[in-house]
Amino acid sequence: MSTGPRSRILRLALAAVLVAAGTAGAVTGIAGPAAAANPFERGPAPTNASIEASRGSFAVSQTTVSRASVTGFGGGTIYYPTTTTAGTFGGVVIAPGFTARQSSIAWLGPRLASQGFVVMTIDTITTSDQPASRGDQLLAALDYLTQRSSARTRVDAGRLAVMGHSMGGGGTLEAAKDRPSLKAAIPLTAWNLDKTWPEIQTPTLVVGAQNDTIASVRSHSQPFYSSLPSTLDKAYLELRGASHFAPNTSNTTIAKYSISWLKRFVDEDARYTQFLCPAPGTSTTISQYLATCPY
Ligand code: 9J3
Ligand code: ZN
């Protein structure tokens, strides 16, 4: 291709025409190219009712991942939208707490998958594994999910999130610290001896329980939230009157803010920002909510 004066003049002339056309469109309101649609958006426009509902718009299938078939975690269950015509979905792995198994957080599998995510609840290698190990296991499970699982073609490996209860929530913080490419993290009544998380770059929703006597918000969720960077997209949701075990049974408040957080940061779906910002006030279910809005 020529780079001489003549071709340069032609290119400059073409550029001038394009600038003029763009300016004319802007000034006159002539429709230019439409704003690019979000390629990660899945499902209908949300309402408060839709994020509080026991199921979202997607039918869900599930498959068991045996312990013997994997390394680095203890097996699990994959819950995924049945459809193959809506594109790929963001992926979420969820770890249980000390002494517990995936059954303790199983309600979140279909609850989140039906909103448009591929979700894997996992068992840990041993039920006494500590938070750092649980973090490593969450990441091993994400790698399994996106690289080797039967659902691998349904997941977008570039849009992943971690969640967990108690020591699994502690592991959620560890996983986010270790893998800053994660798009969202949601520790649920998390327990960790490390109280400081300034290294985390992943948008994080910290969920605490007001009456937690095992991982008290004063010594766990509150310092976890406060120590996250002040510049981070983060939020602190405190469940009014709730115990350490609130995340072990269906909980509308946990679900609606987890769905909103995952949609906003895994799918970059601005339709859900309305549920996160401005920060909700206190209510019969929320004793405190802090956030670094706007997102
Ligand atoms: O995963 C959890 O429920 C952690 C709470 C706990 O019992 O930690 C004390 C070692
Ligand atoms: Zn620390």
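The shell around ligand 1 divides into 4 nonpolar residues, 3 polar ones and no charged ones, where Ala, Val, Leu, Ile, Met, Phe, Trp, Tyr, Cys and Pro count as nonpolar, Asp, Glu, Lys and Arg as charged, and the others, Gly among them, as polar. Its members are Gly-97, Phe-98, Ser-166, Met-167, Trp-191, Ile-214 and His-244, each with a heavy atom within 4 Å of the ligand.

A quick word on what you're looking at: this is a predicted model, where local features need pLDDT of at least 70 and side-chain atom pairs count only at pLDDT 80 or more, while totals for chains, interfaces and linings use all residues. Residues are numbered from 1 along each chain as its sequence is written, chains are lettered from A and ligands numbered from 1 in the order in which they are written, and side-chain values use heavy atoms, with hydrogens and water left out.

Now for the polar contacts, meaning pairs of N or O atoms within 3.5 Å. A polar side-chain atom of Ser-166 sits 2.3 Å from an oxygen atom of ligand 1. Met-167 takes part through its backbone, with a polar atom 2.8 Å from a ligand oxygen, and His-244 brings a side-chain N or O atom to 3.0 Å from an oxygen of the ligand. Taken alone, ligand 1 exposes 310 Å², and the protein buries 73% of that (areas by the Shrake-Rupley method with a 1.4 Å probe).

Zooming out, the protein chain has 7 helices and 9 strands, taken as DSSP runs (H or I of at least four residues for helices, E of at least two for strands). Of its 295 residues, 51% are buried, that is, under 20% relative accessible area with a 1.4 Å probe, counting protein chains only.

Aromatic rings are worth a look too: the whole structure holds 8 aromatic pairs, with ring centres within 6.5 Å; planes under 30 degrees apart count as stacked, over 60 as edge-to-face and the rest as tilted. Phe-73 and Tyr-144 have ring centres 5.8 Å apart and planes at 55 degrees, so this pair is tilted. Phe-73 is in the loop between β1 (60–65) and β2 (76–81) and Tyr-144 is in helix α4 (residues 131–147), so the pair ties together parts 71 residues apart in sequence. Phe-73 is buried at 3% relative accessible area, and Tyr-144 counts as buried at 13%.

Trp-261 and Tyr-295 pair edge-to-face, 5.3 Å centre to centre with 85 degrees between the planes. Both are buried, and ring pairs link Trp-261, Phe-265 and Tyr-295 into a cluster.

Note on methods:
Polar contact = N/O pair within 3.5 Å; in protein donor to acceptor, adjacent residues only side chain to side chain. Buried < 20%, exposed > 50% of the residue type's maximum accessible area, 1.4 Å probe, protein only. Phe/Tyr/Trp six-rings, centres within 6.5 Å; stacked < 30°, edge-to-face > 60°.
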